Amino acid sequence: MGLPWEAEVKDAVQAQRKAFESLGCRVEDSEPDFSDATECFVGWRHWSVEAQFGDMLEANSRHAE
């Protein structure tokens with residue numbers, strides 16, 4: 001994903017990888033698809049603002065007539 005992982009984090013992940021492999025698990029490197037992350041974030045942000053401030057926004061909005 002191109003993220004700047006700290007050496008300690010990389011080492012911890014690799015240690016867990018080895019632990020799973022020793023149990024017979026197949027561990028594969030993978031990169032998640034974040035192509036729709038922006039759309040998901042905008043939807044979540046809209047929902048969270050509505051949930052938190054919806055009553056206040058409705059009470060204080062001026063509707064064009």
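This passage describes the fold, the surface and the side-chain contacts of a predicted protein model.

Residues are numbered from 1 along each chain as its sequence is written, and side-chain values use heavy atoms, with hydrogens and water left out.

The protein chain contains two helices and zero strands. Helices (H or I, at least four residues) and strands (E, at least two) are DSSP runs, numbered from the N terminus. Helix α1 covers residues 7–22, and helix α2 covers residues 37–60. The C-alpha trace spans about 70 × 25 × 20 Å along its principal axes. The radius of gyration of the protein chain is 22 Å, whereas a compact globule of 65 residues would have a value near 11 Å. This radius is taken over C-alpha atoms, and the globule rule is 2.2 Å times the number of residues to the power 0.38.

Two C-alpha separations illustrate the layout of the chain. Ala-15, in helix α1, and Ala-59 are 44 residues apart in sequence and 55 Å apart in space.

Of the 65 residues, 3% count as buried. Buried means under 20% relative accessible area, exposed means over 50%, and partly exposed lies in between (1.4 Å probe, protein chains only). Ala-15 is partly exposed at 41% relative accessibility, and Val-49 is partly exposed at 36%. The accessible surface of the protein chain comes to about 6,500 Å², and 55% of this area belongs to carbon and sulfur atoms. Accessible areas come from the Shrake-Rupley method with a 1.4 Å probe; for residues, only the protein chains shown count as cover.

Leu-3, Trp-5, Val-9 and Val-13 make a nonpolar surface patch of about 370 Å². Patches are made of residues with over 30% relative accessible area and no salt bridge; like charges are joined within 9 Å, and nonpolar side chains (Val, Leu, Ile, Met, Phe, Trp, Tyr) within 5 Å. Trp-5 counts as partly exposed because its relative accessibility is 47%.

The structure holds three salt bridges. A salt bridge is a side-chain nitrogen of Lys or Arg within 4 Å of a carboxyl oxygen of Asp or Glu. Glu-21 pairs with Arg-17, with the closest N and O atoms 3.3 Å apart. Both residues lie in helix α1, four residues apart, or about one turn of the helix. Glu-21 is partly exposed, with a relative accessible area of 36%. Arg-17 also forms a salt bridge with Asp-29, where the closest N and O atoms are 2.7 Å apart. This second pair links distant parts of the chain, with Arg-17 in helix α1 and Asp-29 in the loop between α1 and α2, 12 residues apart. Asp-29 is exposed, at 66% relative accessibility. Salt bridges with shared partners join Arg-17, Glu-21 and Asp-29 into one network. Another salt bridge is formed by the side chains of Arg-26 and Glu-28, at 3.2 Å from N to O. Both Arg-26 and Glu-28 are exposed.

A search of the whole structure finds one aromatic pair. Phe-41 and Trp-44 form this pair, with 6.0 Å from centre to centre and 35 degrees between the planes, an arrangement classed as tilted. Rings of Phe, Tyr and Trp (its six-membered ring) pair if their centres lie within 6.5 Å; planes under 30 degrees apart count as stacked, over 60 as edge-to-face and the rest as tilted. The two residues are separated by about one helical turn because they are three residues apart in helix α2. Phe-41 is partly exposed, with a relative accessible area of 44%.

The structure holds zero disulfides, a disulfide being a pair of cysteine sulfur atoms within 2.5 Å. Cys-25 is partly exposed at a relative accessible area of 37%, and Cys-40 is partly exposed at 47%.

Note on methods: Predicted model: local features only at pLDDT ≥ 70, side-chain atom pairs only at ≥ 80, totals over all residues.
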